[in-house]
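Keep the picture in view as you read.

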Amino acid sequence: MTSSPGATRDDDGRSEGRGAGRTSRRERAAFIDRDGVLNVEQGFVHRIEDFVLVPGALAALAALEAAGYRRVVVTNQSGIARGLYTEADFERLMGEVRLRLRAEGVSFDAVEYCPHLPDAPLAQYRRACECRKPEPGMLLKAIGALDIDPAASFLVGDRISDVQAGRAAGLGRCFLVRTGYALSAEAIAAADAVYDDLLGCVTDVLNGDRSRAD
Ligand SMILES: [Mg+2]
Ligand SMILES: [Zn+2]
């Protein structure tokens, strides 16, 4: 199996299979940071035994899917540029994560990652790229590939750089959760709201959608 650098994608082809409605009905998406939002922040997680889902994360992903939201993971992985693990290690881990999620009936539509760092020890990853958050490159790539309407979409992160990337990509709303890095006052001020965790955020968003539909 091949994948373009910086991206892995589910192989079920659902993102392309939407037929006639595709051009007229753009997709809504939840852009989800990985470490500290989906899984417990433990610093450069790259082994499956260190990938511990945040409580409620599975339920949040399932609820998003049931409500018709695309699930896009957007994650800075400077551990690759630092030589702590390789892109192959990252892709292997995410493959295993996807298998485990699938066993629970849950999936991602895309996983976008940035392996770069401006002052990276490894020369091939040493650059000021357009994908490392707060830059919006990973989000813009998924927006194009999955025909996502950014204004109808939202982001959940645990750092101000997540919010900044979401803003730069034109997302409708950018939220923070308290399961990751300690939130700075600046980060809290930048976010549209702060929740205890991903499930709390998703529950509130979907409740808001329902009340608007009534
Ligand atoms: Mg994070
Ligand atoms: Zn990058």
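Two strands pair if DSSP finds at least two bridges between them. Strands (E, at least two residues) and helices (H or I, at least four) are DSSP runs, numbered from the N terminus. This is a predicted model, where local features need pLDDT of at least 70, side-chain atom pairs count only at pLDDT 80 or more, and totals for chains, interfaces and linings use all residues. Residues are numbered from 1 along each chain as its sequence is written.

Q: Which residue of β3 stands opposite Phe31?
A: β2 (residues 28-32) and β3 (residues 69-76) pair in the parallel sense over 5 bridges. In that pairing, the residue opposite Phe31 is Val72.

Q: Which residue in β5 is the bridge partner of Ala30?
A: β2 also runs parallel to β5, joined by 3 bridges. There, the partner of Ala30 is Phe154.

Q: Is strand β2 largely enclosed or open?
A: A residue is buried if 20 or more other C-beta atoms, placed from the backbone, lie within 10 Å of its own, exposed if 12 or fewer, and partly exposed in between. On one side of β2, Arg28, Ala30 and Ile32 are buried, and on the other, Ala29 and Phe31. That is 5 of the 5 residues, so β2 is largely enclosed.

Technical notes: Chains are lettered from A and ligands numbered from 1 in the order in which they are written.
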